[in-house]
Amino acid sequence: MEESLKPMDAEQLRENAHKMVDFIADYYKSLESYPVLSQVQPGYLRELLPDSAPDRPESLQDVLDDIRQKIIPGITHWQSPNYYAYYPSNSSTAGFLGEMLSAAFNIVGFSWVSCPAATELEVIVLDWLAKMLKLPDQFLSSGQGGGVIQGTASESVLVVLLAARDKILRKSGKRSLEKLVVYASDQTHSCMQKACQIAGIYTENLRLLKADQNSNYALTPDAVSEAISSDLSEGLIPFFLCATIGTTSSAAVDPLSALGKISKANDMWFHVDAAYAGSACICPEYNHHLDGVEEADSFGMNAHKWFLTNFDCSALWVKDRSALIQSLSTNPEFLRNKASQEHTVVDFKDWQVPLGRRFRSLKLWMVLRLYGLENLQHYIRNHIKLAEEFEQLVNSDSRFEVVTPRTFSLVCFRLLPQPDHQDDGYKLNYDLLDAVNSSGKIFLSHTVLSGKFVLRFAVGAPLTEETHIKAAWEVLQDQATIILAEI
């Protein structure tokens with residue numbers, strides 16, 4: 001009989017952790033043998049697991065067997081080299097090691113005193129990353145601003161919206177809430193709408209301004225100016241504008257400089273969401289997409305998307321940290337301490353919605369140290385090169401078209417319908433997407449641009465190489481041939 005597992009024992013941890021690392025390493029070695037998109041049906045797992053937890057302990061081997069036989073079939077493999085859906089969610093050896101350390105220390109770093117190293121390392125690594133992105137000095141911790149790691153870009157958008165809301169309400173009065181107006185593109189991530197719902201912004205006061213193919217789906221300054229003028233004439237209060245670097249549907253880039261000037265002229269909070277494409281801006285040839293970021297009040301990017309840092313790790317910088325603190329700070333007696341009372345430290349609990357927080361800076365620190373800027377730049381450039389190669393393959397087949405120009409590592413394309421096609425190829429491309437995903441060989445997602453059903457091919461998985469790109473294109477061509485033959 002195996003020795004019973006104690007709550008914590010160093011030698012038991014060593015033995016079992018070795019087994020787990022071996023299991024994980026074997027998973028990565030065999031990753032391409034699994035269907036990328038899980039092929040199970042809803043409710044499959046309830047049929048395979050008991051109705052209640054065990055009364056007596058089970059062995060780790062039994063659990064690993066269940067993971068292999070019952071859990072892995074229900075996993076969509078985001079780390080597969082054949083994963084091209086949504087946007088990437090990078091895992092790496094450095095990120096994984098950082099996660100192990102975070103789990104080992106298992107701190108709850110809500111304040112400096114609760115774990116000084118967690119707070120101070122977060123301040124330092126976000127300054128490092130801000131410098132890699134060449135963000136203005138106002139976003140560094142040495143001034144009035146600074147960075148903080150949130151769980152997701154959705155949380156980042158929410159907290160800066162709350163800060164902006166409270167800032168304007170202190171000026172216009174609390175009863176002005178019903179007059180506050182938010183502006184963004186209709187290509188902006190849906191987290192903007194959810195943030196408004198949580199913040200109490202009236203649904204009818206969220207302006208999702210139309211972006212179309214004439215601007216490559218970027219938000220136009222004229223549309224923003226016209227909407228603001230109209231709202232001002234109605235006695236409303238414009239207070240928040242969100243721009244995006246790399247929209248979710250098509251990786252469009254909003255013109256920061258012009259939008260920033262509009263925000264400044266109207267005393268609005270200007271947030272830049274670079275959740276996906278911010279990573280590319282560590283490369284000098286892509287940093288120009290951040291021109292105008294000096295006008296922003298806040299800037300966010302997801303290190304857990306395309307920066308080899310395991311989920312979750314969403315970096316947010318603000319120029320004025322006091323705006324966040326005024327909106328989100330609480331100071332109950334049981335959390336009071338000398339360092340906080342003397343205002344000599346940062347307490348990140350006051351920069352976020354929850355109280356507790358993980359030691360997330362460890363994994364980002366390890367990624368920056370174990371890979372270094374040059375390797376990270378090479379990693380980004382390689383994915384963009386692979387996406388460019390895929391784009392060329394699409395252009396080489398007259399049955400397909402690239403729908404909008406590629407900027408980073410996302411290619412938006414579709415199978416062309418016949419000229420007299422009733423739904424402009426909507427069902428045709430829906431069927432193509434369903435066929436390739438059902439094959440298990442690759443996984444893509446879709447969007448709709450100007451009424452067209454469009455397939456999205458997002459290159460960004462750590463293991464993806466040129467051979468995978470060519471194989472993916474063959475799958476798409478083969479399935480297209482089958483579908484067209486049936487019409």
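## Helix packing and sheet order in a predicted model

N16 touches L5 and L60, residues up to four places away in sequence not being counted; contact here means heavy atoms within 4.5 Å. N16 lies in helix 1 (residues 10-29), and its C-alpha atom is separated by 7.6 Å from that of L60, 44 residues away along the chain. Helices (H or I, at least four residues) and strands (E, at least two) are DSSP runs numbered from the N terminus.

The model is predicted: local features need pLDDT of at least 70, side-chain atom pairs count only at pLDDT 80 or more, and totals for chains, interfaces and linings use all residues. Residues are numbered from 1 along each chain as its sequence is written, and side-chain values use heavy atoms, with hydrogens and water left out.

Helix 3 (residues 93-105) and helix 12 (residues 361-395) pack at about 145°, their axes 8 Å apart. Axes are lines fitted to C-alpha atoms, for helices over the stretch in contact, and angles run from 0 to 180 degrees between N-to-C directions. The contact is made by the following residues.

| Helix | Contact residues |
|---|---|
| Helix 3 | T93, A94, G95, L97, G98, E99, L101, S102, F105 |
| Helix 12 | L362, K363, M366, V367, L370, Y371 |

An open sheet of 7 strands with mixed pairing has the order 1-7-6-5-4-2-3; two strands pair if DSSP finds at least two bridges between them. Strand 1 (146-150) and strand 3 (206-209) are the edge strands, each pairing on one side only. Strand 1 pairs with strand 7 (residues 314-318) in the antiparallel sense over 5 bridges, and A315 in strand 7 is the bridge partner of I149.
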